[in-house]
Structures are given as structure tokens and as C-alpha cells.
Amino acid sequence: MIGRDLLGIEDLDRHDIERILETAVHMQEVGLREVKRVPTLRGRTIINLFFESSTRTRTSFEIAGKRLSADVINFSAESSSLSKSESILDTARTLDAMAPDAVVVRHKVSGVPKRIADVLECPVINAGDGAHEHPTQALLDLLTVLEEKKRIDGLTVAIVGDILHSRVARSNIYGFTKLGAEVRVCGPPTLLPPGVETLGVKAYTSLREAIDGVDVVMALRIQTERLSGAYVPSVREYSASWGIDRAKLRFAKEDAIVMHPGPINRGVEISHDLADRRPSVILDQVRNGVALRMAVLYLLTGRPHHPKEAA
Amino acid sequence: MSRILIRGGRVLDPATNRDGLFDVLIEDGKIAAVEAGLEVPGAETIDAHGRWVTPGFVDLHTHLREPGQEYKEDIASGGRSAAAGGFTTVCCMANTHPVNDDPAMTDYILDRARQDSPVRVLPIAAATKNLEGKVMTEMAALQKAGAVGFSDDGKTIMDGGVMRRVLEYARMIDAPVSVHAEDCTLVGHGVVNEGPVSTRLGLPGNPCAAETVLVARDLLLAELTGAHLHVGHVSSAGAVALIRQARERGVHVTAEVTPHHLALTDEATLGFDTNAKMAPPLRSAADVRACREGLADGTIDCIATDHAPHAPHEKDVEFTAAPPGVLGFETAYPVVMDMVRNGEITPLELIRRLATNGARILKRPELGSLAVGAEADVVVLDPEREWTYDPAKGFSKSRNSPWTGQRMTGRALVTIVGGRVVYDVERGVIAP
């Protein structure tokens, strides 16, 4: 049973994930209407509390809330407690005093949504914390693969790129493995987290081996400052070895799809022509993100409130 | 003449290898007699039937935060907390503000301790000026002022050439050099042990190699210089093995381990609890096992708390921003008693590692001992006492403990320093 908060896919079981995905399928229909709005969350207040900038995710949550008729407030606080005087928990308590029905949190440090959830009365949704988790991204990825492949069970998924710093990778590893897929991770040895096999995946440095026969290739965004010698010698070396293009994609299944959580560094993680056309489903991911976040907001705030202690 | 008679307890004195039922007589601040059936009319009597009577604990590694960070702790509160944990001598590290890198600062700390602390406070001075790892401190003058050893604890002397000179100089004055062995270039931004846990948490990892690389270097430099190297807060199986090998080939090395590295693994950080954040970090179960074995077989000489108070507002932040360190004094004894209950170490050998070996490392044979004529630093322990630890009810100014709210077995009941009862579990801290 999905709990009060959505902090990570690691906390969910298969049934929770399937319930969210089923709800999201219903929500997709709202986006196709002429008037893209239902009254489900009328009178509810949702705060997007973003300590790290993210136009895409924040906009997606904002549209999701508005399509459900919730009042959505964006609170940007791009700072840490180190540089600004107010601590994250004080910020959270301040917002809590205004009685929101849900708070959506993004922070560059792992664990902050959990700390905030510990002090807030209302549900907390993790919109990405450090290199820890980005649960709604993984759920929308699952929804997109489900649309394409009609199943998750038995598929093979290769996640390629900066696994070490990626919350998207971790959430997708949990999500896909919990629904019965085989997950492989692939990247430069310097960007593969130590002990990643303990998450139930196989790790590869060779892209060709990693995508051999896979149904899904998921490229991750890499911060270009990591490609100037700190982790990888150069952009050129990265894209030659781990950038996805049509030539390399031949090693995957014929009907393999290509995914990317965005924003893309064109020509680095994914070739220009592949980014825009099938088998890439990048814009489907974005479209599904709204429906998926509507489902999460509905499931966490559409019900009567229960005291947090009971959770 | 003041006299205290501690009657009927199980006396555990590693200094004289005594383990049996004896009475202990204290006269004028010294141990006067340890015998069965002592009758001393007029002496203050402490009934210790069913209890352990041992030398007071000696802690080679603590942070009392004075001067400069009295909001976290000061010599008075830290000393009281130490007394409540059964400690009678604590060595305070130099990373105060200002740093204890000058004889005047050592004087100041000792002066404050004489006025404020119920337990003995022995300063460990900085090995390099301002802990910068560049310029040696005036070690001879600091020693004369009362420094018992040298350490840049909290930081590592990364320059091998400087470290060599520090060891050579310390050898001349026969002082131990305690090292915080973490290669900061390998630590990077690491905040938890590198491995499956750091991968799950998505937090930057700090590999065991950051410790072993520096331990290996410093052991080789100790071998080169003949100096006495003391390895602080050993956390990894690799470091234990390196120390064992070095000792076998005759390197003058001693080592300490903290209660938290003996009891907790990196899984304690899985809920992002900043009270489980330390430097070096909590390690894997295999590392914990190796530390326990190393302590039991004598590779690691002693238990030191690394008592490191931090204010709640400092710990109540993002995991990466929180300062490392935890409280240690009041939980040390019950936590390490687990090893006795598991049969990993005998009571006498545990007390050797809590009291006697620390005094030996400091070359202070009158401490950590119940031999006749030794300083009457004595603790009466109840190895069976069950209680719930709440730092708010303890004596530290801070609350940062990973054991908050947990059931503990074993507790100090009475702490005596220099023949004076300074702590009693019923009455609290009594002196000064």
C-alpha cells in the first residue's frame, strides 16, 4: 500500500507501482480533452518546493496539479543551509504552517525530502534528491515503456551514462527490477557506483555488450563538467564510447526504444538524429510525466487526511 | 586523612593482572590497599557487591570544544559527561578555536580544567601550526606546558615530508604522534562509507583505501624515524591488518578504536541520520568484525571515544552539510560491554583497553592502575544495569548520539578521581 509520502521507488512494492501506473493511464485521458481540467483536487494546495532549479520537472508538477484543479504554488529556494541563514527544515516548517495538502521537494542533496517529510504534516513527494531517487521520473519511464511494449516483465533494459551521480538510474533500477525486468547499467568505470550489483543489476563498461539484445536503451544526462578530465578524459571520448547513435543501436533488439530523462546534451549522450525520431520516445516520456504526476498527486492528496503517526 | 573503602566488588586491575573479590582502600588520593576483608573504621564505605571495581577509564581522543565552540561543549560539561561515563582521564584534541598550537593555549586549557573539570584533562597539542600540515609546532615547549602528545586530528598531514619531520621531532621528546589517517584526496566529498550503502543513498562515498593508504604511509614513516605512532580511530579491516603486520616487524605503533566503529555499520546511515555521520565513516560489517578482532587480540591497544559534540542546529541539516562526529562518553562502556557478553573479550582485557593501555601509551603508569600507590582514579561499574540512554538527561551540552532512546546494559555507578567521588549515578556529578 502506497504510504503517505512518495520518497523513493525503493520503498514501494510491485502492487504500489502498478496502482500508480493504472491511475496514470486514467489521467492520460484528461490531457486529451478540450478542457484539460477535472475538479478532483479543488481546494487543495500543493507547494512545489524546489531548492535546485528544474524547469521541466517543476512545470510538469505544476500542470499536473492544475489539471486536477489544485492551487499550485512554486517556491524556489535555490540555496543550501550553508550559504543562507534559514535551514531547510525551518523553510519546511514555515510552509507547513500554511497548511498545504502536499509538498513537492527537489534538492541537490540526497535525503532532504526524507528529512522534510519527517517534520511535515502533509504528504511529501520527492521530485529528485541528489543522486538518491527521482521516483516520478522512474514511474513515467515505466508508463512509457508499458505503452510501447505492453509489459515490463521479461524485458531487458540498459541504463547508460553517469550512473554514479544519477537519481534517475537508481529509481529506474528499483522500478524495472520490481516489475520483473532485467536491468543492466553501463558507463565509464569512474561513473559506475561501487557495489551497484547489490541493487540487482549487471554492470558493464562496454556499451556494445550492455545493449546486446535489449528492449530499452535509456541514456542519462551527464554534466559536461564531468567530461573534462575529472571522470572522463573528454567529451569526444565519452560520446565515442557511450553516446547512443543508430550504428551502436544495431546491437539492441530490432524494436528497441531509446529513452532519455532530459534535458539532452545533443551529440554527447545521444546523436542528433536519434533524439528527434523513433525509436526515441523522449517526448512521450515528457507527455506521460504530466499524467503520472497527476496520478501521484491524486493518490497522495485526494484522500481524507490521516495523522502522519499512523503511516 | 580522607579514606574511602570500596567493599566486596570484583576488582579488575589490568596493571596488576588482578581479577577477584577484594576491598579497595583509598587514602589521601592514592590506592592504599587492595585486599580481602579490609576493616577500616571511620572510612567512607562504598558497597560494591555484585559490581566491578576498576581503574577509571583513560580516553586518548576527545573534543571538549573549549576554547571557541562552547555552544557545543566546554571543559566543564565535557568533563562532567566523561565522569558520568566512568572516565577519569581524557585527552582533548587541538582543533579548538584558536587551535592548541601554542604553549599559552595549553596552559589555558589546563587552567580551565583545574577549575572546571571533575576529571583529569590532558591536552594533545597540534603537530603543525593551525593544523595546516605545513609548519611544525613548538613541540618541546608544548610538552613542557603539559601537552601529552601531538595530533592534527580532524585533519591529515598530507605532506609526507612534513609528517616525517613531525615524527622525528616527536621522537626526540619521546611523545606519541596521533594521526587522523584519511587521505583527503581519496576522501574527496565522501560522507559515508563507499560501497553498497553509499550507492543506495546516492551520497558520495569515502573508501576504506582513504584510511589504509595513510596508515600504510605513516607506519612506514614511523619505521623510518623510530617514532611512536598512534593511529587514531581505526575503522577498516585493512588498517587493522597493516597495524598488525607493522607491529610484528617491530614498528613502534599503538592504535585506538571508537565504540561506534566497534558497534555500528554503515547501514546506520540508511535513514540519512546525521547522528550516524562520522569521520572516518561507519564501515561494513566485515570492517566492524576486524576492528573487534583487532581489539581482542591486542592489535588495537585501546578504546577511545572520539567524543565529538555538535549542536542540534548543526546536525539538523542536509547530510552533506552536517559536521561529522558523535557523543561518546556516556555510552562507551555499555556499548563495548557487548564484546564481553558475546565472549569476544574477558572483563579484565576490556578494562585494560579502556583504562590501562591508554595510560601506558601516555607513559603515565600512575593512571589506569589499582596498584598500591597509584592515583586513586577508580570506577564502580554495574555490568548488568539496564537503562535507556537519553542525551537530554546526560551531561554533554550536545545531543548528537546514534544511541538516543536505546536500551543500554552496563553503567558507571561511582567515579572517583584522585580519591574524590566526582560522580554517583544517584546523585549525579558532585565535583567540582
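Strands are DSSP runs of at least two residues, numbered from the N terminus. The views below are taken from a predicted model.

**View 1. Val40(B) in a loop of chain B.** Val40(B) lies in the loop that joins strand S3 (30-35) and strand S4 (44-47) of chain B. The relative accessible area of Val40(B) is 13%, so the residue counts as buried, the cut-off being under 20%. Leaving out residues up to four places away in sequence, Val40(B) touches Arg3(B), Leu5(B) and Leu25(B). Ala145(B) is 105 residues from Val40(B) in sequence, and their C-alpha atoms are 40 Å apart.

**View 2. Asn126(A) in strand S4 of chain A.** Strand S4 of chain A covers residues 124-129 and includes Asn126(A). Asn126(A) is buried because its relative accessibility is 0%. From its side chain to the backbone oxygen of Glu133(A) is 3.4 Å. Apart from neighbours within four places in sequence, the residues in contact with Asn126(A) are Leu6(A), Leu7(A), Val105(A), Pro113(A), Glu133(A) and Pro135(A).

**View 3. Packing of helices H5 and H6 in chain A.** Helix H5 (residues 135-149) and helix H6 (residues 167-178) of chain A pack with their axes 8 Å apart, at an angle of about 50°. This angle is why H5(A) is described as oblique to H6(A). The two helices, H5(A) and H6(A), cross in a right-handed sense. On the H5(A) side, the contact involves Pro135(A), Gln137(A), Ala138(A), Asp141(A), Leu142(A) and Val145(A); on the H6(A) side are Val168(A), Ser171(A), Asn172(A), Gly175(A) and Phe176(A). Sorted by class, the contact between H5(A) and H6(A) comprises 6 nonpolar, 4 polar and 1 charged residues.

How values were computed: Residues numbered from 1 in each chain as written. Chains lettered and ligands numbered in written order. Predicted model: local features only at pLDDT ≥ 70, side-chain atom pairs only at ≥ 80, totals over all residues. Heavy atoms only, no water. Helix = DSSP H or I, 4+ residues; strand = E, 2+ residues; numbered from the N terminus. Buried < 20%, exposed > 50% of the residue type's maximum accessible area, 1.4 Å probe, protein only. Polar contact = N/O pair within 3.5 Å; in protein donor to acceptor, adjacent residues only side chain to side chain. Contact = heavy atoms within 4.5 Å. Axes fitted to C-alpha atoms, helices over the stretch in contact; angles between N-to-C directions. Parallel < 35°, antiparallel > 145°, perpendicular 65-115°, else oblique. Left-handed = near helix turned anticlockwise from the far one by under 90°. Nonpolar A, V, L, I, M, F, W, Y, C, P; charged D, E, K, R; others polar.
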